[in-house]
Amino acid sequence: MDIVNIGILSISDRASAGIYEDKSGAEVKKLMQSYIKNEIIFHYELIADEFELIKKSLIFLSDEKKCDLILSTGGTGPAPRDVTPEATEAICEKILPGFAELMRQESLKFVPTAILSRQVAGIRKKSLIINLPGQPKAIKECLEPVFPAVPYCIDLIGGAYIQTNDTIRAFRPKK
C-alpha cells in the first residue's frame, strides 16, 4: 500500500500569531485519518494570510515535500486579506472548478453565506490542491462531498494510490 503525503496549510493571521489555537489544521488531519487506509505522512504549516507566503508554502509542499494532496484552510472569504484562492491559482497548472462548485453547493445547505466562499482546487505537478474554509465544521461539510473524487484525481496525475476506509468511498471508474 502506497504511503500518502498530505500537506496541511493552515492560513490564519491570528492563529499564526499565537492569538488562538489552530483548530482547522487539526480538523483536516482528523478527517484524513478517518478517510484514508494508507499510511499518511503529514506536512503541516501554519502561516499568515500573505499572498507571497501562501504561494511559497504551496510550492514547497508540492515541489519539495512531494505531497499527493495539499489541503489549505482559511483565507477563502471576501475580506481584503483573504487571498488564498488567488495564491492557489497563481501556482497551479490546471484549475478544477468542479470541486469548488460542489463545496459551495453543499455548504448552502447549512448557511446562506456559502455564496461568499471562494475556494479553488487545482493541480501543480503531481499535487492536488484544495482550498477549504477556515471553520472546522465547514471543513467537514465541504470535504466530505468532494473527497470521493480525490483518490481517482490523484491517480490521474501520477500520485499515490489512495485506499479509503468505510467512512467514505472513493469512486474509480470500472476498468
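Reply: Start with a cut-off. Buried means under 20% relative accessible area, exposed means over 50%, and partly exposed lies in between. Keep in mind that this is a predicted model.

Me: Why is D63 called buried?

Reply: D63 has a relative accessible area of 14%. The limit for buried is under 20%. D63 therefore counts as buried.

Me: Where does D63 lie, and which residues is D63 in contact with, leaving aside its neighbours within four places in sequence?

Reply: D63 lies in helix α3, residues 51-64. Leaving aside those neighbours, D63 is in contact with R124 and K125. Contact here means heavy atoms within 4.5 Å. As for I123, its C-alpha atom is separated from that of D63 by 12 Å, and the two residues are 60 apart along the chain.

Me: What is the bridge partner of I123 in β6?

Reply: The partner is L128. Strand β6 covers residues 127-132, and four bridges join β5 to β6.

Me: How do you know that β5 and β6 pair?

Reply: Two strands pair if DSSP finds at least two bridges between them. Four bridges join β5 and β6, and the strands run antiparallel.

Me: What makes β2 and β4 edge strands?

Reply: Six strands form an open sheet in the order β2-β1-β3-β6-β5-β4, with mixed pairing. β2 (40-47) and β4 (94-95) each pair on one side only. Helix α4, residues 84-91, packs on this sheet. Helix α4 touches β1, β3, β4, β5 and β6, and its direction makes about 165° with that of β6.

Me: What makes the contact between D13 and R81 a salt bridge?

Reply: The cut-off is a side-chain nitrogen of Lys or Arg within 4 Å of a carboxyl oxygen of Asp or Glu. For D13 and R81, the N to O distance is 2.7 Å. The pair therefore qualifies as a salt bridge. D13 is in helix α1, and R81 is in the loop between β3 and α4, 68 residues apart. D13, E50 and R81 are linked in a network of salt bridges. The structure holds twelve salt bridges.

Me: Are D13 and R81 called buried, exposed or partly exposed, and why?

Reply: D13 has 27% relative accessibility, and R81 has 38%.

Me: Why can E86 and R118 be said to tie together parts of the chain?

Reply: Their side chains meet in a salt bridge of 2.7 Å, N to O. E86 lies in helix α4 and R118 in the loop between α5 and β5, so the pair ties together parts 32 residues apart in sequence. E86 is partly exposed at 32%, and R118 is partly exposed at 26%.

Me: What makes L108 partly exposed, and which patch includes L108?

Reply: L108 has a relative accessible area of 42%. That lies between the limits of 20% and 50%, so L108 is partly exposed. L108, I115 and L116 form a nonpolar surface patch, with about 290 Å² of accessible area together.

Note on methods. Residues numbered from 1 in each chain as written. Predicted model: local features only at pLDDT ≥ 70, side-chain atom pairs only at ≥ 80, totals over all residues. Heavy atoms only, no water. Patch = residues over 30% accessible without salt bridge, like charges linked within 9 Å, V, L, I, M, F, W, Y side chains within 5 Å. Areas by Shrake-Rupley, 256 points an atom, 1.4 Å probe, with all protein chains shown as cover. Buried < 20%, exposed > 50% of the residue type's maximum accessible area, 1.4 Å probe, protein only. Helix = DSSP H or I, 4+ residues; strand = E, 2+ residues; numbered from the N terminus. Axes fitted to C-alpha atoms, helices over the stretch in contact; angles between N-to-C directions.
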